[in-house]
Amino acid sequence: MATHVAGLLRRREPGIRGHEAAAGWLFLLPVIVILGLFLLLPIAMAAWVSFSDWNGNGSPLGAHAHWVGLANYRDLLTTPGLDQNNFGEAIRNNFYYVLLVVPIQTAVSLFLAVLVNRRLKFVGFFRTAFYFPSVTSSVAITILFLFLFSPSGVINKLLSYLGATGPSWMYDPDGIFHLVAQQFGANASGGHLANHVFLGVTYWDWLAGPSVAMCVFIIMAVFTTSGTFMLLFLAGLQGIDESVNEAAALDGASEWNKFRHITVPMIRPTLFTVVTLGLIGTWQIFDQIYVGSKGSPLNTTLTPAYLSFDTSFNQNNWGAGAAIAFILFGIIVFFTLVTRLLTRNPDKVPRRRRFEPTGPIADSKLSKVEA
Amino acid sequence: MAAITFDDVTKTYGDGYRAVSDLNLDVKDGEFVVLVGPSGCGKTTALRMIAGLEEITGGQIRIGDRVVNNLPPGDRDVAMVFQNYALYPHMTVAENIGFALRMRKVPKAEARQRIQETARVIGLTDHLDRKPRQLSGGQRQRVAMGRAIVREPQVFLMDEPLSNLDAKLRVQMRAEIARIQRQLSVTTVYVTHDQVEAMTMGDRVAVMRKGVLQQFDAPQLLYEQPANLFVASFIGSPAMNMLEGTIEADGCRVGSAVLPIPSALTAFGGKHVAVGIRPEALSLAAGGDRPRLSGRVQTVEALGPEQLAHVEVEARPVLATEVLEGLVDADDAHELAELVDENRATVVARLEASATVRPDDQVELAVDVRRLQFFDLDTGLACR
Amino acid sequence: MSAQVHTMRSDASATRRRLFGSAMTYSFLVAVAVVYIFPFVISIITSFKTEPDATANPLSVTPHPVTTTAFHQLSADNDFFTWVKNSIIVTLSVTFLRVFLDSLAGYALARLRFRGRGAAFATIVAVMAVPGVVLLIPKFLIIRQFGMYDTYYGMIVPLLVDAAGVFIMKNFFESIPVSVEESARIDGASLFRIYWSIVLPMARPALVTLFILSFQGSWNELAHFIISAQSTSLNTLTKGVAQLASGQLGSGNRYPLKLAASMLMTIPVAVLFFIFQRRIMNASEGAVKE
């Protein structure tokens, strides 16, 4: 009798929360379905394609796609040839883009945030002005910059007023480091740097730096993203209690000292966020290349994202295109992890430093105070 | 070490609000002065003007001989303990204390010594490597003190440093601060809204209200000779009883009692005045010829060493704003005015623990006429 | 006496130093603001120039002559209006649906208790971490596989969900007191009714924010439209103007035309921005959790 009752009791009752489970999943269903179908599933499918030789005919799951293992990856990374060459150049270009954009945009947006954080009149106007470029589309901005930086355009006209001759910007494939080196007489002929190759690109070319054309994109990136990051920094700055700044002022800290010793350490989390977002964003640059240069001049504005697109959609080499996308994914994950590692907060209390007084301080009033 | 002088100092904000009006104050070298008053009275503004954290709109502030109106905070040789401590959260205790030394490029060896000494004074030698978030409230407060002490400045400024601590800790720290200040003999200006704190810690206390200085005297003088209605009500706990009285030929009539008046008032027959009677000036009448107030006991609070009896007497209470503000925070004052009955006053009498009083008892309270205070109801000033 | 002189001098220099500091800040602000505003001003002016004028005098502030040729060229070309039409269809669909679906999901994650909620949330977070560009090819493959390629569905459906939107709604729902919903529950309201008639109206600020951000995002989207459709009849403004820029329609530096197109396509987003600036700027600040 008792076990029978117990059995009845053990049967699951919906209770007051019963409907919630059903409703919960129902509410989430559209989101989960769409995420699953259009994000998770595609990744799986693309992974398959990257291991195949599909050329765009029919379905990639059908008869036209054959398993080729790591062939696509090998072609990109280790087998000398055009694929590897393009890939290497794309990596190099994007690398310099990241190298320049992330520090510059972080510094500029922090600078703007500090300026805008003062209690000055019209600060709202300035904040709006700096943020506005972030609201526009990449297409509009790219067209704008192509216009400004055309060889006979606005920027070069301005430079001519300063007595300088501007380069031909979007048509100039010379790496800026090369240009600097040429000032000192160095060049590419012969030598170790010209003869050794990595990913299809000579060491000398690896050291070229971003091309002049790429620099236009670099400036464009800083122009469009500084507003967003300025807002992030503003939020971080406003989290610093004003009394801490006042205490520092009383302690005799100048504005610069306050910035260096108080402000910057206290916005470390924001700094980390901005750098991480910057890394993730810069490694993915695509829209501007598609609209502005499609990789020219001389492949110096080619980026992995665009190369992936071009290889697949224009050359129907889908396997290679997918492989490039996954390698890019790996690069982004790598950099994110490295940043996280480098900015990890050392929270452990360090070993006690010993403060040995090296001699009596006769004049100090402190010594006369009993503890 | 230096004296601080306020010369007609005024602070007006952009919208016209006057936080401090024509403040004249002189703090002697080595003195511990407390600025006290209800919120919004201007005490913190005055303190921040000494520090240089607020612009001075009018008048002059001098530290020592120097006029410091336009001197940046870092150059005034003034140290401040903030209400929320304002510790540098990313630095250790040692780094917090040593920051000012670092800014002035004090050599590392000397800095280390001074930090160590300060840590000893504030009792945190074992915590020098901790960060503020690893410390308790009391410890953080001591770090804030240490930061000020290590600089050996001319002036200490303290902005309600104990208000974030619990009651017991507060009492403890009060004594600590007073002791440290005495031994270092640094000129100190201390801001608080707690009049008990003010009375126990200050050499002299400045009572402020709505930006205007009310009285600046030693605590005992503030207590025994308040200059106006506000000071009389603000200082002392429980508050001074305020009753309306009328000047008559033979004295001042308060309810059914007639109280003797100082000679200055004899000429003002018919004038209404406020009579201030401290709770300890009332006792259970037991014969004798002292004037009495009779009434019914409302409540009795047993405090251990004494009792406080709230007695409803037939007299009119004084409902002037200064009195009400002295009792409660400014916002509550209006509500209180509406609640109080105009014709019945409740006085608080401090009685011995052995006295037998119960609620609803009819009692006669004898008034100690030597300790009466009279105030002009038109001006609020004391009549002497 | 010397002490007084000293203090008088330090008084004056201290005041001067303070004013100098403010002046410096203002001059920096103005200088940078000029740099940021100048490109837009120039492009608006240029769109009213003739082509030769634009090429010859890029910096001139007044067109010689002032002309609306560029705009005429744009409107004469039927494609431009098609682009506008498509952008409107896609953007409005995505925006409204996204707001609805994200708020549903956000509410479920914030309020409803059910097994697997944690896992669902973790999945959404994980998905957010995948860089968008990596997903270009994958999304194309799926869209094609489902037969949605070159249709409005292919352009709209994949954009319907973004993890950031779910986050914003979830956070907002968590911040409103449960008591209102509980009293509705006691009164016998069903869950959906609670969501629809009570909680959603209370969530207006977050909904407006989400609306604005979704509008902005989908109006400015390019890459997704490249991979989800190829017919020119389905071109959105972004894709169409991008093709303009690549010189596929005509030759030469048709700057006034291109700039006119760019400026026109920016107008809706700009208008939305200026009206709702405070809300947009606050949302951006809070959107990233540390």
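Tutor: A residue is called buried here if 20 or more other C-beta atoms, placed from the backbone, lie within 10 Å of its own. Residues are numbered from 1 along each chain as its sequence is written, and chains are lettered from A and ligands numbered from 1 in the order in which they are written.

The part to look at closely is helix 4 of chain A, residues 82-116, where helices (H or I, at least four residues) and strands (E, at least two) are DSSP runs numbered from the N terminus. Helix 4 of chain A is mostly covered, with 25 of its 35 residues buried. Because the expected span is 1.5 Å times one less than the number of residues, helix 4 of chain A should reach 51 Å, and the 49 Å between its end C-alpha atoms agrees with this.

Turning to the surroundings, 78 residues of chain A are in contact (C-beta atoms, placed from the backbone, within 7 Å) with 70 residues of chain C. On the chain A side, helix 2 (residues 18-50) gives the most, with 22 residues. That side has 54 nonpolar, 18 polar and 6 charged residues, where Ala, Val, Leu, Ile, Met, Phe, Trp, Tyr, Cys and Pro count as nonpolar, Asp, Glu, Lys and Arg as charged, and the others, Gly among them, as polar.

As for confidence, the model scores ipTM 0.84 and pTM 0.81, and chain C has a mean pLDDT of 82, with 89% of its residues at 70 or more. Over residues 1-10 of chain C pLDDT stays under 50, and the model has 5 contacts beyond four places in sequence for them. Where pLDDT is low, the predicted coordinates should not be read in detail.

Chain B, finally, is divided into domain 1 (4-227) and domain 2 (230-383), with bounds that come from an automatic or database domain assignment. The centres of these two domains of chain B, taken over C-alpha atoms, are separated by 36 Å, and 13 residues of domain 1 of chain B are in contact with 13 residues of domain 2 of chain B. The domain 1 side of that contact in chain B divides into 7 nonpolar, 5 polar and 1 charged.

Technical notes: Predicted model: local features only at pLDDT ≥ 70, side-chain atom pairs only at ≥ 80, totals over all residues. Buried ≥ 20, exposed ≤ 12 C-beta atoms within 10 Å, placed from the backbone. Contact = placed C-beta atoms within 7 Å. pLDDT = per-residue confidence, 0-100.
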